[in-house]
Amino acid sequence: MRDARVGGSPFARLSPEQCARVHEAAVGILERTGARLMEPRAVEILRHAGARTDGDHVWIPRELVDRALATAPRSITLHDRTGAPAMELAGRTFWAGPGSDCLHVLDHRTGVRRTPTLDDLREGIALVDALPELDFIMSLFIPGEVDGRLADRWQMEAMLNGTTKPVVMVSYEPSGMEDAIAMAEVVAGGPEAFGARPFVATYINVTRALLQGRSELQKLLWLAERGYPFLWIPVTSGGTTGPVTVGGTLALNQAGVLIGIVLSQLVREGAPIVVPGFGGDGLDLRTMVDPYAAPDARGPAGALAHWYGLPMFSLAGGSDGKVVDEQSAAEAALTLLVDAASGGQLTHDCGYLESGLTGSLAQMAICDEIVSWIRAATRPIDVSDEALALADVDALGIEGSFLETDHTLDRYMERWYPALFDRGSFESWQGHGATTLAQRAGERVDALLAAHEPMPLQPDVAAAVHEIVERAAEAAGL
Amino acid sequence: MHEDLLAAMRQSIADGDQDAATATANQAIEVGLDPLVAIDEGYVPGLSYVGSCFSSGEMFLPDMMLAARAMNAAMAVLKPELAKRSQQRSVRGRVVIGTVKGDIHEIGKNLVGTMLSASGFEVVDLGVDVAPERFVDAARENNADIVGVSALLTTTMTGQRTVVESLAAAGLRPGVKVIVGGAPVTRAWAAEIGADGYSEDAVGAVALATKLMEGAAGAAQG
């Protein structure tokens, strides 16, 4: 497993006292206002546990929240496809990956924004598999040539075939999620093996903090029953579905998070739920776009998740810009840096442009470079005797050269060297074509794709996975 | 005549000032200004001004909501007066709106509804999670000119196609126009599913609906 610890003093946008205040506000919202849960089983489970209900309206008492917070796990380990531990979601760590379901690809070879194909999806997955700093995969693009209802199955099949990295999976209906998990179980060698070493976490977006949709709740119940990891992410948008202030939207959103924690722990104590490391965002009330790189709400949700000690899923690396340019690089760098410094754990959306509607492989390669830079900038500093090399200092004296010491020869590669950022002389840069970062990123994408061969699934396993896609197509009458 | 009053009406909407909108509406009644003139030459131009400022990025969504609220305040005063004079504000078109089946997001749809009715359209809002048959029934029952179908999710926007198809199967197309909207919706998608139009925002939706009504009128005459 990569050492993904973030060193130094923690960057926390909220103090512990402020976190307690937000938590209290969220608990109060659940007791006073309550929520509408559109899955009757969820309402029944809460009613049975002592919550007041009226139809689909549920008021959750503090005791249930306290009890659930006591059993929700503080650490979740995601494995890779081969069953080896790959990411521990706990403490001040930072793991990076792409986002899911872009409607467009910005083709780095032609500069054209167009509908993605299955080939784009497979290329993108192979790229993420090859990029050294990206730790997990998400589905990147919605392939245009498959039936929309089954796109989630095609995406899952492509991810399982194209990378060994852990998967954060998005599905539409609960049936799509069950198919995707069935594929993962086949790959793992059965439900038991998958449960013991899960390499797929299901991402569940919740409509609103206090209005939770049927399929969202059904997914939660199904996964919690099996003890499979999932991300419970209510979406509250400041100014529309929540108060316009960061704190107000954060507190309201947290009420929705707590509902997921309570439900999951009632279904199964210790059910592995991951909470948002982002929240408090607002719609851009000037353009009506949901921005991905807004500065306002950077950090507080992560601070809150750390205050609870719960595993978290963060959002950074995306841009609101339309092309790979100065804005996209700046937004990716700034958002990734704040989330890394906050210890954002599982951090998605590298490679996003156009507020999540377009994906770019060149932007993905730039994000990989940025993540690499940030890791070097936040890694704990070694001040051991060996690192300080005091013996060498003593031996070499005032004017000695450290260039040829064993210490230098052993450890010089601990320093960070760029893969994309240009540090050469002017003449060298000019001699290499006077390229921009975006051009070099595109070249790196092509070079990696030409050289990299993802580890394939065993043919019988790949066939069994594909059969699940075929069955779903048949059931849909396709 | 009444130029100052009409200007104050426009200004009340531009400022999103409910009290001023109510006061100018009352003033109109006092001085005997035709309420239809007050609406069409006073308040509506104010609303159009706010809409254009929003489109150009000079105003924000809350400014538009305030303007619509001020518009409603003025209408609340003027409606009884219209009734007294047996006048009716001409309906610019009848629009049935709703969010597609499987989707319970409503803010964008509500915003379009607010702007359309403030702009003189008659709006029937079917709410969220609306089955295609309900769009068809409501279009028929309300003699709709336009059906507006909202979807927020990439996963539910395919439902917009189903609504277009259902309206066609019920024999209501192309008489009933279909407009679509929602974050993932694009002009290309609208064209692909055979919808008559798409707009990025609520202001654009009013312009689109207006254009479609003009087109329909042209077609009826032609």
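Helices (H or I, at least four residues) and strands (E, at least two) are DSSP runs, numbered from the N terminus. Everything in these legends comes from a predicted model, in which local features need pLDDT of at least 70, side-chain atom pairs count only at pLDDT 80 or more, and totals for chains, interfaces and linings use all residues. Residues are numbered from 1 along each chain as its sequence is written, while chains are lettered from A and ligands numbered from 1 in the order in which they are written.

**View 1. The loop between α7 and β4 of chain B holds B:P174.** Look for the peptide bond that joins B:R173 and B:P174: it is cis, with omega at about 0 degrees.

**View 2. Helix α7 of chain B covers residues 158–169.** Buried here are B:G159, B:Q160, B:V163, B:V164 and B:L167. They sit on the same side of α7(B), because they cover an arc of only 150 degrees around the axis; the arc is that of the directions from the helix axis to the C-beta atoms. A residue is buried if 20 or more other C-beta atoms lie within 10 Å of its own, exposed if 12 or fewer, and partly exposed in between, with C-beta atoms placed from the backbone. What do the buried residues of α7(B) pack against? Their partners are α6 (132–141), β3 (146–150) and β4 (177–181) of chain B. Contact means that the C-beta atoms of two residues, placed from the backbone, lie within 7 Å.

**View 3. Helices α3 (residues 62–71) and α9 (residues 246–267) of chain A pack together.** Two packed helices are described by the angle between their axes and the distance between the axes. For this pair the angle is about 70 degrees and the axes are 9 Å apart. That makes α3(A) roughly perpendicular to α9(A). Angles under 35 degrees count as roughly parallel, over 145 as roughly antiparallel, 65 to 115 as roughly perpendicular and the rest as oblique. Axes are lines fitted to C-alpha atoms, for helices over the stretch in contact, and angles run from 0 to 180 degrees between N-to-C directions. On α3(A), the contact is made by A:L64, A:V65, A:A68, A:L69 and A:T71; on α9(A), by A:L258, A:I261, A:V262 and A:Q265.

**View 4. Helix α18 of chain A runs over residues 459–475.** From first C-alpha to last, this helix of 17 residues reaches 24 Å, close to the 24 Å expected at 1.5 Å a residue. A:V465, A:I468 and A:A472 are buried. Seen down the axis of α18(A), these fall within an arc of 45 degrees, so they line one face of the helix. They pack against α5 (151–162) and α6 (174–188) of chain A. Which exposed residues does the face turned away from the buried side carry? There you will find A:P459, A:D460, A:A463, A:E470 and A:E474.

**View 5. A:D101 has a positive phi, near 60 degrees, although it is a residue other than glycine.** A:D101 is in the loop between β6 (94–98) and β7 (104–106) of chain A. Is A:D101 buried or exposed? With 22 C-beta neighbours inside 10 Å, A:D101 counts as buried.

Terms used:
Expected span 1.5 Å × (residues − 1).
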